[in-house]
Amino acid sequence: MDRKKARKDIKVIFGQNLQKARERKGLTREQAASAFGLTRSAFQAYETGLIFPAPEMLLALANFFDVSIDALMGYQRFVNFPLFANYRFRQARIMFEQVGVDVECELDPISDLPVSQITLKSKGRAMLVDGAYRTVEEFTPLVFNDTLTFFPFAEKLLKVIEQSPGTRDIVINELKRLSVE
């Protein structure tokens, strides 16, 4: 790929991510442009990849839309992850929710991948205790410092569930075992 084409691709990727960030914030192009003292057409030129902002404007845009410059530029923070990481993370969240486990983490607004610790917490199970039903935590919360440690664990549990549907107890037992290690 020649340098001119690479520069154009970066501008286009930046523009698409800027547009997503603006839309996520619920702003029109006019509103976003006025926040930076720009005309609508100048802001549109950023979003369509016709022009690229100066470094000061790039920083201001990232701060205003509460995203990293890396995210605006399309840089994937987790370079070693396969392209389907986002899909697998969403699949893992759904799987955990189905068995009564909350997945708590901060997500990158552009890539939807975790940018903070990932915590797995029990939603609890209604159990009869002293003649009354109470919600009982089934395991101690598990904390993964990053997706590099979370994904192998989640992949293992996804395989168990794919092979044996309705295996809530197997997953909860595995989480209990890991929470005491």
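How many aromatic pairs does the chain hold by the ring-centre rule? The count comes to five, where rings of Phe, Tyr and Trp (its six-membered ring) pair if their centres lie within 6.5 Å, with planes under 30 degrees apart called stacked, over 60 edge-to-face and the rest tilted.

1. Basis. This is a predicted model, in which local features need pLDDT of at least 70 and side-chain atom pairs count only at pLDDT 80 or more, while totals for chains, interfaces and linings use all residues. Residues are numbered from 1 along each chain as its sequence is written, and side-chain values use heavy atoms, with hydrogens and water left out.

2. Confidence. The average pLDDT (the predictor's confidence in each residue, from 0 to 100) is 78 for the chain, and 79% of the residues score at least 70. Residues 78–83 fall below 50. Beyond near neighbours in sequence, that stretch has six contacts in the model, a contact being heavy atoms within 4.5 Å.

3. Layout. Eight helices and five strands make up the elements of the chain; these are DSSP runs numbered from the N terminus, helices being H or I of at least four residues and strands E of at least two. Their order from the N terminus is α-α-α-α-α-α-β-β-β-β-β-α-α. Among contacts with a separation of 6 or more, 54% join residues 24 or more positions apart.

4. Burial and surface. Of the 181 residues, 36% are buried; buried means under 20% relative accessible area, exposed over 50%, and partly exposed in between (1.4 Å probe, protein chains only). The accessible surface, from the Shrake-Rupley method with a 1.4 Å probe, is about 11,000 Å², and carbon and sulfur atoms hold 54% of that surface.

5. Helix α3. In α3, F43, A45, Y46 and E47 are buried. F43 and Y46 form an edge-to-face pair, 6.4 Å centre to centre with 65° between the planes. Because these two residues are three apart in α3 (residues 40–48), about one helical turn separates them. An α-helix has 3.6 residues a turn, so residues three or four places apart point the same way. After α3 comes G49, with a positive phi near 85°.

6. R29. This arginine is found in helix α2 (residues 29–35). R29 counts as buried because its relative accessibility is 17%. Setting aside neighbours within four places in sequence, R29 contacts Q19, R22, R40, F43, Q44 and E47.

7. The F64 region. Ring pairs link F36, F64 and F65 into a cluster. K25 lies over the face of F64, 4.1 Å from the ring centre; the rule asks for NZ of Lys or CZ of Arg within 6 Å of the ring centre and within 35 degrees of the ring normal. F64 is partly exposed, at 29% relative accessibility, whereas F65 is buried at 6%.

8. Cores. A nonpolar core is a set of buried Ala, Val, Leu, Ile, Met, Phe, Trp, Tyr and Cys residues joined through side-chain atoms within 4.5 Å. The largest has 22 residues, of which F96, V101, L120, F150, F153 and L175 touch the most other members. At least two residues of this core come from each of α6 (85–98), β1 (101–104), β2 (118–122), β5 (142–144), α7 (147–163) and α8 (168–180). The most, six residues, come from α7. A second, separate core of 17 residues includes A21, L61, F65 and A71.
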